[in-house]
Amino acid sequence: MISKPRGTRDFTPQEMQKRRWLETKMREIFEKYGYEEISTPTIEHLELFTLKSGEGIIEETYAFEDKAGRKLALRPELTAPVMRFYVEKFQMEPKPLKFYYFGNCFRYDRPQKGRYREFWQFGCELIGSNKPEAIAELITMAYDILKEIGLKNIVLRIGNLDILRKFLDSIGANDAEIMRLIDKKDFDELKKKIRNFEEFEKFINIKDLDELKQDYKEIDKMKEVIEFLEEFSVPYNIDLSIARGLEYYIGIVFEIDAPKLGAEKQICGGGEYSLVPLLGGKSTPTAGFAIGFDRTLLALEMEGFKFVEVEKPIYIAYMHGMLKEAIKIAKMLRKEGMKVEMDLMRRSISKSLDYANRKGIKKVVIVAPEEWEKGKVLIKDMVSGKQEEIDIESLKNQKM
RNA sequence: GCCCGGAUGGUGUAGCGGUAACAUAGGGGACUGUGGAUCCCCUGUCUCGGGUUCGAAUCCCGAUCCGGGCCCCA
């Protein structure tokens, strides 16, 4: 037997119903903020992803050569492709540009809970403005989406890489290794590496920007962002220890966690970044975020969220010799826009009812010769068990 | 890349060295004018490969996949 590749998933009809629902819901909110959907290819030149992150990234990327020897990769994320698209096509468009996207990404990782080799990301990029209100609106939208879909328990943390780097400079501790340790929250190791650990500890535990003694211009901007967040009524936490893995992040960064998920609790991450110049475009401010679609769904499920059930089709059963008449009914009702399933197994009425029952179907139309003569069919309510004879025409008005 | 724990009909499980069991589901029939019942029939050989043994689902090794945890995380 051939099974699915490691770290990939098949989705059942029940799962797809949930996923579709969530996708639709998220899309609505992006649209509400004036973002427009775009889509980019599943495969890109490998270079697009190695540019900013170095060759080491290849190990986690599904990379391959095509028949002409081009080095390609399945996209491991969507920010770089979207920026590539922007540089190729949209540089002269009026700013700001607001794009959102939904797509599958691939990473060659050890699969575990909330982590797959093929996973889906919902995200957006805001191109052209880094005004405090622009960043505040972006963060608000991320928070709004997660709240709107029904998540109860989420935590938003906001940090600032410029401030963090400047501070580390001031204590002579700004290097990649230390950033990595901060990202990992490995305080034991940091204690060994940073001479002035006490000051560092004080810095990263700051909960209010007024506690900052330093005088960087970035602090003023961040204060403004926070002011606007309050205006948008978004609860936040200051967390100057957010380091984020990618080097192209600059300035304000944020993460949203669903604490219930444990180790893989981060469901959204984003911030300001600089990628356009690397891709050969004219420098312009960019910011964005990505939501882990699978993890978000998982978080909803773990909170016991009640998903709306998709309505069941009306089912058409027929007596012996009434197949063509059943087809007529199916055709008529589908033309009315109704969801219709007809017996395709040539089952007896009793088997048909049994089937409808197991499938949770609410209404069954029974096409029988005696009634057909009078221009009528039988309609049976599977919940109450009641059955009545009705005109074929009035079937169109049946509620499922 | 590392560490645990798993893998038995479609699904959920039992069996843990003597030649596969139970529940449930699916299809058909008893039953061509009516559902959740009953009865009968059909559908499954233990993830794969190698080893130990007279004999392996059972023990050992390896691979694959799944779950959990690290590392990493765009």
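**Cavity, strands and domains of the predicted model**

The count of cavities of 30 Å³ or more comes to 1. The structure described here is a predicted model. The volume of the largest cavity is about 50 Å³. Its lining consists of I38, S39, T40, R75, L78, Y101, F102 and G103. By residue class, the lining of the largest cavity divides into 4 nonpolar, 3 polar and 1 charged.

Strands of a sheet pair through backbone hydrogen bonds, in either the parallel or the antiparallel sense. Both senses occur in the pairing of β5: with strand β1 (residues 36-37) the pairing is parallel, over 2 bridges, while with strand β6 (residues 118-127) the pairing is antiparallel, over 10 bridges. On the β6 side, G103 has Q121 as its bridge partner. G103 is also one of the residues that line the largest cavity.

An open sheet is built from 3 strands in the order β2-β4-β3, and the pairing in this sheet is antiparallel. Its edge strands, β2 (43-45) and β3 (63-65), each pair on one side only. From one strand to the next, the twist averages 40°. Strand β4 covers residues 71-74 and is joined to β3 by 3 bridges, the two strands running antiparallel. Within this pair, A63 has A73 in β4 as its bridge partner.

A further antiparallel pair is formed by strand β15 (residues 376-381) and strand β16 (residues 387-391), which are joined by 5 bridges. One of the facing positions is K376, which stands opposite D391 in β16. The two strands form a hairpin with 5 residues between them. In the turn of this hairpin, G385 has a positive phi of about 85°.

At the level of the whole chain, the domain assignment divides chain A into domain 1, residues 13-302, and domain 2, residues 314-397. A distance of 53 Å separates the C-alpha centres of domain 1 and domain 2.

How values were computed:
Residues are numbered from 1 along each chain as its sequence is written. Chains are lettered from A and ligands numbered from 1 in the order in which they are written. This is a predicted model: local features need pLDDT of at least 70, side-chain atom pairs count only at pLDDT 80 or more; totals for chains, interfaces and linings use all residues. Side-chain values use heavy atoms; hydrogens and water are left out. Domain bounds come from an automatic or database domain assignment. Two strands pair if DSSP finds at least two bridges between them. Helices (H or I, at least four residues) and strands (E, at least two) are DSSP runs, numbered from the N terminus. Axes are lines fitted to C-alpha atoms, for helices over the stretch in contact, and angles run from 0 to 180 degrees between N-to-C directions. On a 1 Å grid over the protein atoms alone, a cavity is a set of points where a 1.4 Å probe fits but cannot get out, and a pocket is an open set with protein on both sides within 12 Å along at least five of seven lines; lining residues have an atom within 4 Å of a point. Grid points are joined across faces, edges and corners, and a volume is the space filled by probe spheres set on the points. Ala, Val, Leu, Ile, Met, Phe, Trp, Tyr, Cys and Pro count as nonpolar, Asp, Glu, Lys and Arg as charged, and the others, Gly among them, as polar.
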